[in-house]
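Welcome! Open your viewer, and let's take a walk through this structure one selection at a time.

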Amino acid sequence: MSAKIKSININEIIELENEESVFKPDWEVQIDRRTFVQLLGAGILVVVTGDFAEGQMRRGGGQAATVAARLQISQDGVITVMTGKVDEGQGCRTQLLQAAAEELRVSPNQVRMILADTSLVPDDGMTAGSRTTPNNVPPVRQAAATARDILTQIAAEQWKVDAKNLQVQNGIVTNTATKESLTYGELTKIKNLSESFKQTVSSNVTLTAVSNWKVLGSSVPKPTGRDIVTGSHIYPSDIMRPNMLYGKVLRPPSYGATLKSVDLSKVKEMKDVIVVQEGQFVGVAAPTTFLASQAIDAIAKTASWNTVSHPSSKEIYQYLRDNARSGQRGNARSRTSNAFSQANKVLSETYYTAYIQHTPMEPRAAVAEWNNGSLTAWAGIDYPQRIQGDLARAFNISNERVRVIVPDMGGGFGGKHTGQAAEEAARLAKAAGRPVSIRWTRADEFTWAYFRPAAVIDCRAGLDENGSIMAWEFTNINSGNAALNTPYRIPNPVEQYVSSDSPLSQGPYRCLAATANNFARECFIDELAAAAGADPLEFRLKHLDNQRIKTVLDTAAKHFDWETKRKKNTRETGFGLACGTEKGSVVAVCVEVGVNVKNGTIEVKRVCEAFECGPIQNPGNLLAQVQGCIIMGLGGALREEIKFENGKILNASFSNYYVPKFKDVPEIDVHLVNNTEIASAGAGETPIIAVAPAISNAIFAAAGFRVRSMPMIPAMIEHAKKISVIT
Amino acid sequence: MNKEILLFVNDREQKIVTDPQRTLLEVLREDLKLTGTNFGCNEGLCGACTVLIDGEPNHSCMVRIGEVEYKWITTIEGLAKGEKLHPVQQAFLDEEAFQCGYCTPGMILNAVALLQKYPNPTDEQIIEWMNGNICRCNGYPKIISAIRRAVKLIKEDK
Ligand code: FES
Ligand code: FES
């Protein structure tokens, strides 16, 4: 079992990236009020006894059936909002708190959030795909607005007036005529809310217009901030239970290796160490990590393995191409062949992106505890209800016997969709009869988590005599179809995603395939602009109908002073730009890059990004997300690349897998465009997609050659070697 | 072989009987329940586990507990004076210089050490000093702003 890692089916990712989550747990909350009050802890008296079983959700879509399933109000006016979302730093705790506070018309510090506890919260789907903003903010707002209407109605009945004459502000309902007022807390004493909150959340309830937003739209700070700076925030790695042991699991030496034999006898004699073998699963638990590590190392020395052959990262792109499923290339091709034959110029290039790792600062961690055949798992994962189902199946118990809790965790970036650590902890805890904590090492995380897929992307385009694109073919092999379609005006484009046989386990990553597809497309567009003898900005604008992309392009270009800069390219300094759209938001990036062709080095000096995702819900957090995306994007653009051979990761350490550090941070200039005409879109991912192509285009502007692979520094070094041989 | 080790953690004397080969990071977390010091790599390469040993920043994952006998250790839990945050903590909070916050304790302690050594650091000094601390949320710009703000707060404090 340890050799078999659960890989995420790429088709799942595609659906996830495109639209609705594919996961449909049929789950109901089964908990009574007493438990609920206890779980909330001292200080909160929950008035509502609502039947929580009514909180069951429609297919993880985030729509709570009843108000009670979504929120509770205590007699002292404290509002508790429940959501299945997990916070991994992206800020959904704050954002959903704002959503509730806005519609209930209370100050943000009157709202508490309960996140990601399968016993308490509705199923809001997986935290992924920038879906919180479009999918989860609206239902929370609707529930809060419904609750506000219910409370207003109670006041109206109390005063025997029409609710229309009442005003709600700061959690106080006021009769404008008589100046009488009642707080939410007082209203809960007038009428028991348990009946009223059984009401279904109305999706027609009027929500506060953007122009009237008071809490949404402002930089409400994270409620966890003080705990974070004092070290008292509890991450999944920090969970401690009475009598808890620390676990370690025997890892295979290479991918696909299976255990032939192992001698556990010595370790079984070690004091305080519990050893478990169940088929391929071998693990230990001990009172300290030190002891557990000693035990597992001793076991590893006795283990012998059957290994299998495994391709190397050196030949990966050919391997992916050779193993590509054919798709509908033939049919698609015939549709464009005519256009290509009439083109004035035809360009054809291939782009590559490497496998990379998320490397969240906190590696996977989980604590599992069994009580009378029921399992509780605290874990750093992205979808509590899904892991609940996985654990139930793994241990052959019903979902009701599994409770999964996700403490706000130390990063994810799409990398924590699987629950291996929780399952390992549960296996060990079951055998030990005590709670067990599993914390993956950094090498585990680099090796046994899944990766952002590598991609081979073939592009072909034809220009007419006016320098307009008249034919377009675009094929992504292996990494997915997000942002596959060109936003440019091109007749009959042929765009396809073709799956392949990935040798590494692959899965979601911040803007996964969109980064690869946008890299290829935006570099290729730049090549076409050059072939047409046009300025890269003008060429893009000429082919764009999407006004939102045009606006961010104009914004970035203006603040970057593209007009002047584009004339200042030298051999050492280049200026490049790129744009894109994905997940409902739009982005444009201009960069200044220092290039040393001889040494093969690149220094990104300045990044100017304009980003628009509809009405901004939390400007401070949005800025952090955009800055984070830009810098994270530099990692994948320049250096990050998983190397592997014979089924082993060759750079499973921060010493040889280079993530961005303080020294890599360029001057960053972010312009957030607040578009209040449309609904808000998610923003934690798309700001990453235009960084790499802008850099590649800037390298071309300086050095006159194209770097068509991510990461770019290895390609630069290759190029430097080549020219040093020539000169 | 277990050994009795005496050390001072956040101004409190601690007597620990344990294998001296265990890391300081592990003992802080597992024995003293001070989980604010975080595990990020166990190789001295990320800074998540930074603590002050006799005032100097150290990667607690690279220090054996046997090596810190009689030493003064400051962890993130020991920085605030009661309810009053240390100015560096306050500055990180004011700037919201964290996303997931997992790197934050290490960042704060390393910044405390930086500002003890250079009360008015240049940008180059900040970057050079902090470069061993990785933030995978890539919140570096706000962290740098927080350190600059801390410089001011420390002065105001005096
Ligand atoms: S955990 Fe110590 S430096 Fe990374
Ligand atoms: S805030 Fe998440 S790692 Fe720094």
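## First stop: chain A

Begin by selecting chain A, where buried residues make up 63% of the 727 residues. Keep in mind that this is a predicted model. Switch to a cartoon view and you can trace 22 helices and 26 strands in chain A. Next, think about how the chain meets itself: among contacts in chain A between residues at least 6 apart in sequence, 76% link residues that are at least 24 apart.

## Second stop: a pair of helices

Now select residues 92-104 of chain A, which form helix α4, together with residues 132-159 of chain A, which form helix α5. Two packed helices are described by the angle between their axes and the distance between the axes. Here the two axes come within 7 Å and cross at roughly 35°. Is the crossing of α4(A) and α5(A) left-handed or right-handed? It is right-handed.

Show the side chains to see who takes part. From α4(A), the contact includes A:C92, A:Q95, A:L96 and A:A99. From α5(A), the contributors include A:T132, A:N136, A:V140, A:R141 and A:R148. Taken by type, the residues of this contact divide into 10 nonpolar, 4 polar and 3 charged.

Move on to residues 512-531 of chain A, the 20 residues of helix α16. At 1.5 Å a residue, this helix should span 28 Å, and its end C-alpha atoms are 29 Å apart, which agrees. Just after the helix, pick out A:G533, which takes a positive phi of about 70°.

## Fourth stop: where the chains meet

Bring chain B into view. How many residues does each chain give to the contact? Chain B gives 48 residues and chain A gives 55. The area buried between the two chains is about 4400 Å², with carbon and sulfur atoms giving 62% of it. On the chain B side, select B:Q99, B:Y102 and B:R136: these lose the most area to chain A, together 19% of what that side buries.

## Last stop: A:S653

Finish on A:S653, found in the loop between β24 (648-649) and β25 (667-673) of chain A. Why does A:S653 count as buried? Its relative accessibility is 8%, and buried means under 20%. Leaving aside residues up to four places away in sequence, A:S653 touches A:F446 as well as B:E43 and B:L45.

Methods. Residues are numbered from 1 along each chain as its sequence is written. Chains are lettered from A and ligands numbered from 1 in the order in which they are written. This is a predicted model: local features need pLDDT of at least 70, side-chain atom pairs count only at pLDDT 80 or more; totals for chains, interfaces and linings use all residues. Side-chain values use heavy atoms; hydrogens and water are left out. Axes are lines fitted to C-alpha atoms, for helices over the stretch in contact, and angles run from 0 to 180 degrees between N-to-C directions. Helices (H or I, at least four residues) and strands (E, at least two) are DSSP runs, numbered from the N terminus. A crossing is left-handed if the near helix is turned anticlockwise from the far one by less than a right angle, and right-handed if clockwise. Contact means heavy atoms within 4.5 Å. Ala, Val, Leu, Ile, Met, Phe, Trp, Tyr, Cys and Pro count as nonpolar, Asp, Glu, Lys and Arg as charged, and the others, Gly among them, as polar. The expected span of a helix is 1.5 Å times one less than its number of residues. Buried area is the accessible area (1.4 Å probe) that two parts lose on being put together, summed over both. Buried means under 20% relative accessible area, exposed over 50%, partly exposed in between (1.4 Å probe, protein chains only).
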